[in-house]
Amino acid sequence: MTVVDLPGVYSIYPKSLDEQVVTDILANPQHPDYPDVAIVVVDASNLNRNLLLFTQIQDLGVPVILALNMLDIARQQQVEINAVRLAMQLGVPVVKINARVGEGLDLLKQAIERQIAHPVTASKLFFDPELAMHASGQDMKGLMADVRQHYQLTNNYIALQYLIQHDGFSFLETPQRVKLDDLIEKYQFKELDFQAKETIGRYQHIGDIVKNVVTDSRPLDQSTWSQRIDRFLLHPVWGYAIFATVLLLIFQAIFAWAQPFVDGIDAGVAWLNGTLHESLPEGPLTDLLTDGIIAGVGGVVVFIPQIAFLFLLVSLLEESGYMSRVMVLMDRVMRQFGLNGRSVVPLISGVACAVPALMATRSIGSWRERLITILVTPLMSCSARLPIYTILIALVVPEKTVLGFLNLQGIVMMGLYLLGLSAALLGAYIFKIIIKARERSLFVMELPTYKWPRWNHVGITVWDSVTSFVWQAGRVIVAISIVLWVLASYGPGDALEQAENRARRESANRSAEEIENRVASEKLEASYAGRFGKVLEPAIKPLGYDWKIGIALISSFAAREVFVGTIATIYSIGSVDEENSTTIKQRLATEINPETGGPMYTPAVAFSLLIFYVFAMMCMSTIATVYRETKGWKWPMIQLAYMSVLAYVSAFLVYQLMK
Amino acid sequence: MMTRKAGKRSVADLKLGEKAVIQSFSDQWMSLKLLEMGCLPGTEVSLHCKAPLGDPICLNVSGYCLSMRKSEAATILVE
């Protein structure tokens with residue numbers, strides 16, 4: 001048995017792209033995902049409004065089960081529901097469940113089995129367009145009959161959906177749509193008027209039923225505790241202060257609280273590498289395993305704690321209901337930048353990963369607001385940038401405490417995130433001027449009551465996110481690490497031997513260790529990878545980068561998280577200090593700039609790199625997702641171009657000013 | 001649906017905690033969305049809170065909390 005979870009909607013008439021799919025499936029029995037049984041889970045504490053959608057789905061002719069959820073909350077609000085009477089009134093199976101604790105799921109399963117074996121559907125439509133209009137003196141008979149006949153439909157309500165929604169139905173061909181337009185013209189059918197009448201008609205009928213099955217003994221004007229919290233969290237002053245504190249806590253968690261775990265993993269990887277080097281026989285395969293694969297993968301695994309913390313906190317915000325308040329809090333501000341309060345979710349999720357964030361933009365109804373959100377979301381620093389930030393900040397920013405409790409490195413980290421956010425807002429403002437609106441912007445939204453997070457949900461979200469990050473990033477990194485190791489260990493013809501001989505000749509009177517280091521770095525320079533880096537060097541020299549960083553830039557073009565792994569691989573090969581294996585950070589700190597004789601990673605170089613990675617669109621998955629979401633290459637290419645220019649110019653300025 | 005008349009009070013004019021009964025809508029496109037969310041003519045609404053800059057606002061309507069922009073609330077006319 002396959003279970004398909006459709007997005008939550010208020011009615012069968014979609015307000016945004018993600019809602020479109022519901023009607024697309026349920027109004028088309030030929031759809032591969034068309035259900036044998038539709039289980040409509042409704043919030044029992046708000047039965048009136050939720051029955052609207054339920055009765056619409058029921059009228060589409062799908063066998064349905066009504067699952068009454070959140071009865072505990074309804075009971076707290078002194079609302080009691082008689083499920084048996086409701087089932088009789090609606091003519092369909094009704095099951096009481098509590099999804100939060102898993103109550104009533106056996107009964108639901110039994111109901112599903114019964115509904116599949118012997119489908120029970122209501123004997124007549126809850127809202128029949130023909131009958132409803134007959135009462136108001138308008139005759140729909142001819143129109144309905146024509147639509148039913150042309151499209152071989154048996155159901156009046158599906159026929160109505162064809163009339164009102166055919167532009168959004170992906171399963172209709174253009175001539176079929178034109179025919180419907182002709183019929184609308186012929187019968188002078190006014191879709192919007194009719195839709196309003198339908199909604200009002202349904203609510204009247206629902207109101208009668210609810211009166212019979214619900215005992216609502218709640219006192220009028222009682223303010224619930226959820227509303228009292230709102231007065232505080234949406235307070236003119238406290239509202240923003242609390243939101244800022246929440247954001248600050250998230251960054252502290254990512255940087256400071258996750259640090260002990262990061263250090264532990266880092267040390268573990270170094271130990272593993274050292275042990276393998278000692279115990280395995282020397283040779284190219286051992287080198288490939290340790291310097292290539294383990295160094296590369298280790299560079300990613302080490303960031304699992306931070307990514308886990310990030311997903312944990314973001315999913316807590318969503319679960320608790322606070323995220324909706326953030327949308328309300330930010331809508332006014334967002335509107336100034338051509339965005340919508342709903343853009344806050346993609347922007348905040350973008351801190352974890354741009355790919356799910358871009359998919360979350362589907363809930364934004366207006367095309368312009370959605371497109372602008374898509375264009376600027378990748379500027380939010382995603383978790384793949386975290387490894388780069390962490391390592392470079394740790395390298396050039398001293399670890400000390402300021403203002404008593406804030407970690408200086410954490411503050412710089414937050415600064416980078418804020419830089420990404422500012423660029424996103426500024427970019428949005430510019431796009432707002434360039435891109436013209438296609439339809440009206442809409443914000444109307446339900447504020448859910450505050451709830452305790454479902455910890456199993458939170459746990460699943462964190463686990464899924466971390467494992468998919470590790471698998472997806474890990475695969476790419478293993479592949480690139482191997483390719484890179486080969487390219488860095490071999491060169492054209494006998495170039496590597498020549499380089500080694502030359503190095504030995506020139507540094508004959510130095511100490512053994514110096515000679516070995518010189519040999520290793522000359523060999524890397526002569527290798528294929530070194531040659532690639534050298535070709536690129538003139539272009540990136542103004543940003544302060546050498547050919548080694550150039551190799552990392554190229555290899556991380558497809559996925560920025562590869563940067564750290566590449567750096568690790570390159571410097572492992574370039575160093576002979578294998579007996580006492582060091583961490584990536586230590587390797588970088590000891591890297592010498594041959595031109596100045598000082599450390600390669602000066603603050604100017606490190607910040608230039610940091611700024612470059614804040615702005616650069618170095619992620620194939622994001623480009624592919626933007627292509628899918630905007631249905632074309634135009635917008636992803638515009639995005640790639642503007643972000644690349646922004647990254648190059650900013651990194652150039654930073655390096656030139658700080659050097 | 002009727003067009004907006006000068007001097008008509010809308011939900012956007014409500015003060016915090018004030019109650020009113022929905023009479024009609026001044027914008028058909030908007031009214032379809034609002035009807036679906038339970039804002040029916042004859043229903044009582046009250047202004048429950050406002051976002052820090054006074055916009056969007058949060059309404060209590062048919063037992064739950066609905067937030068909308070001030071411009072959207074201005075299309076809901078009250079008695």
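**Note on a predicted two-chain model**

1. In this predicted model, helix α30 (residues 620-630) and helix α31 (residues 634-658), both of chain A, have axes that come within 7 Å and cross at roughly 140°. The crossing of α30(A) past α31(A) is right-handed.

2. Which residues make this contact? From α30(A) they are A:Ile623, A:Val626, A:Tyr627 and A:Thr630, and from α31(A) they are A:Trp635, A:Pro636, A:Gln639 and A:Leu640. Sorted by class, the contact of α30(A) with α31(A) has six nonpolar and two polar residues, with no charged ones.

3. Chain A is assigned three stretches of domain: domain 1 covers 17-216, domain 2 covers 238-434, and domain 3 is given as 473-620 + 631-658. Between domain 1 and domain 2 of chain A, the C-alpha centres are 42 Å apart.

4. Chain A also touches chain B. The contact involves 31 residues from chain A and 28 residues from chain B. On the chain A side, at least two residues each come from α2 (47-59), α10 (191-213), α11 (225-233), α12 (238-257), α16 (322-336) and β8 (445-447). The largest share of that side, six residues, belongs to α10(A).

5. What classes of residue does chain A bring to the side that touches chain B? There are 16 nonpolar, seven polar and eight charged residues.

6. Strand pairing also links the chains. β8(A) and strand β4 (residues 64-68) of chain B run antiparallel and are joined by three bridges. One bridge pairs A:Met445 with B:Ser67 in β4(B).

Terms used: Residues numbered from 1 in each chain as written. Chains lettered and ligands numbered in written order. Predicted model: local features only at pLDDT ≥ 70, side-chain atom pairs only at ≥ 80, totals over all residues. Axes fitted to C-alpha atoms, helices over the stretch in contact; angles between N-to-C directions. Helix = DSSP H or I, 4+ residues; strand = E, 2+ residues; numbered from the N terminus. Left-handed = near helix turned anticlockwise from the far one by under 90°. Contact = placed C-beta atoms within 7 Å. Nonpolar A, V, L, I, M, F, W, Y, C, P; charged D, E, K, R; others polar. Domains from an automatic or database assignment. Pairing = 2+ DSSP bridges.
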